[in-house]
Amino acid sequence: MKKRKIGFALSLVLAAGTLLGACGTSDKEGTSGKNDKNDNFTVALVTDVGGVDDKSFNQSAWEGLQKFGEDNGLKKGTKGFDYFQSKSDADYKTNLNTAVRNGFDLTYGIGYKLKPAIEEIAGQRKNSHFAIVDDVIKDKKNVVSITFKEHEGSFLVGVVAGLTTKTNKVGFIGGTDSDLINKFAAGFQAGVKAVNPKADIKIDFAGAFDKADKGQSMASAMYNSGIDIIYHAAGGTGNGVFTEAKNIKQKDPNKNVWVIGVDRDQVDEGKVSVNGKDYNVTLTSMIKRVDLAVQDLSNKAKDGKFPGGEQIEYGLNEDAVGISPSKDNVSDDVLKAVDEWKQKIIKGEVKVPLKPTK
């Protein structure tokens, strides 16, 4: 499989307030994989169990697809763009097949958990085009693999955490103990240690991306142990981390507890009001531009330039990972340090690990 990097400008501002509607269905049959520029191009995505309103990974992908639709005058539905929500892993193959039967030209599988289903359906539906986000599928000319250098962006939020913590104790909560999520953990750990070697970093995994209650209980244990900053890479499970931090803030407004969000700017998730005064427990977020990746590939496919069989990787060089634009809770000195470390990574002076040290 070929592997290439695609650059794109951060000047693209996404419309983040679009309402999330229910997925439509149709009896329309058809095949995709058209080679010429198609003014009636249709594209769909299949979510993992987190769903399009997970305020994280899936939602970012859906926002990107909505922006693509808006830019190209498409409407939500089988004649434009749409999504298929997966409530369990068992829904992946069904939803992928449904997208093909409805004639979508390109179908995204959002998340590495969809890899087996896409491999099977793409093998059966060789005239249809697919893209998997966060994993690599080899030897299939009708599949594009989209990956990110999450460890690079996670290193930068690790720098923020390492320079901000007052207790020298920080935590990481991942959705699953997998190669992908360990990239987040490894980068975060390395970033913290680079600027604060004495800091203690606790890494734990929830075993799910859709268990907010589990995320809350894990966050409670971490905060009670003296950890004052938690970085989550857990999708909907991470919503529970925000809930716990806000609960603590409501009980004691002077308590410094922070959450570092993931995938999209999660500043809104940290808002809390105590006795009429507004606070925000979101320290920063590690932005992973799944939205721009979806727009980028969708435009290429629409123009008849679907890079089948290739892997497209997005990192700091492509402005596809990094810290969020919401910086109210991050000091200027910390932001300066973040930029310095960012340049070191881009120049190759610092190599960010893919696996955390035990």
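Modeller: I begin with a pair of helices: α2 passes α3 in a right-handed crossing. This is a predicted model, in which local features need pLDDT of at least 70 and side-chain atom pairs count only at pLDDT 80 or more, while totals for chains, interfaces and linings use all residues. Residues are numbered from 1 along each chain as its sequence is written, and side-chain values use heavy atoms, with hydrogens and water left out.

Biologist: Why is the crossing of α2 and α3 called right-handed?

Modeller: A crossing has this name if the near helix is turned clockwise from the far one by less than a right angle, and is left-handed if the turn is anticlockwise. The axes of α2 (residues 91-101) and α3 (residues 115-124) cross at roughly 40° and come within 9 Å. Axes here are lines fitted to C-alpha atoms, for helices over the stretch in contact, with angles from 0 to 180 degrees between N-to-C directions. As α2 passes α3 in the clockwise sense, the term right-handed therefore applies.

Biologist: Which residues of α2 and α3 meet?

Modeller: Y92, K93, L96 and N97 in α2 meet A117, I118, E120 and I121 in α3. Contact requires heavy atoms within 4.5 Å.

Biologist: How many helices and strands does the chain have, and what makes a stretch count as one?

Modeller: The chain has 9 helices and 15 strands.

Biologist: Is N102 buried or exposed, and how do you know?

Modeller: Its relative accessibility is 2%, so N102 counts as buried. The cut-offs are under 20% relative accessible area for buried, over 50% for exposed, and partly exposed in between, with a 1.4 Å probe and protein chains only. N102 lies in the loop between α2 and β4 (106-110). Its C-alpha atom is 9.7 Å from that of T42, although the two are 60 residues apart in sequence.

Biologist: What class does K342 fall into, and why?

Modeller: K342 has a relative accessible area of 23%, and therefore counts as partly exposed. This residue belongs to helix α9 (residues 332-346). Beyond its neighbours within four places in sequence, K342 is in contact with L156, L316 and D319.

Biologist: Why is strand β6 described as largely enclosed?

Modeller: In β6 (residues 143-148), 6 of the 6 residues are buried, so the rest of the structure largely encloses the strand. V143, S145 and T147 point one way, and V144, I146 and F148 the other. In a regular strand, side chains alternate between the two faces of the sheet.

Biologist: What makes β6 and its neighbours count as paired?

Modeller: Two strands pair if DSSP finds at least two bridges between them. β5 (residues 129-133) and β6 have 4 bridges, in the parallel sense, and β6 also pairs in the parallel sense with β14 (residues 311-314) over 4 bridges. Both pairs therefore meet the requirement. A131 has V144 as its bridge partner in β6, and F148 stands opposite Y314 in β14.

Biologist: Which strands form the open sheet, and which are its edges?

Modeller: The order is β8-β7-β9-β10-β13-β15, with mixed pairing. β8 (200-205) and β15 (321-323) are edge strands, because each pairs on one side only. Within the sheet, β9 (residues 229-233) is joined to β7 (residues 169-174) by 5 bridges and to β10 (residues 258-263) by 3 bridges. Y231 in β9 stands opposite F172, and its bridge partner in β10 is I260.

Biologist: What is the handedness of the unit formed by β9, α7 and β10?

Modeller: Together, β9, helix α7 (residues 239-251) and β10 make a right-handed β-α-β unit. The term means that, with the strands pointing away from the viewer, the path from the first strand over the helix to the second runs clockwise.

Biologist: What makes a group of residues a nonpolar core, and how many residues has the largest?

Modeller: Such a core is a set of buried Ala, Val, Leu, Ile, Met, Phe, Trp, Tyr and Cys residues joined through side-chain atoms within 4.5 Å. The largest has 68 residues, and Y108 and F188 have the most contacts inside it. Helix α5 (residues 179-195) gives the most to this core, with 7 residues. Another core, of 18 residues, lies apart from it and includes A44, F84, A122 and I132.

Methods. Helix = DSSP H or I, 4+ residues; strand = E, 2+ residues; numbered from the N terminus.
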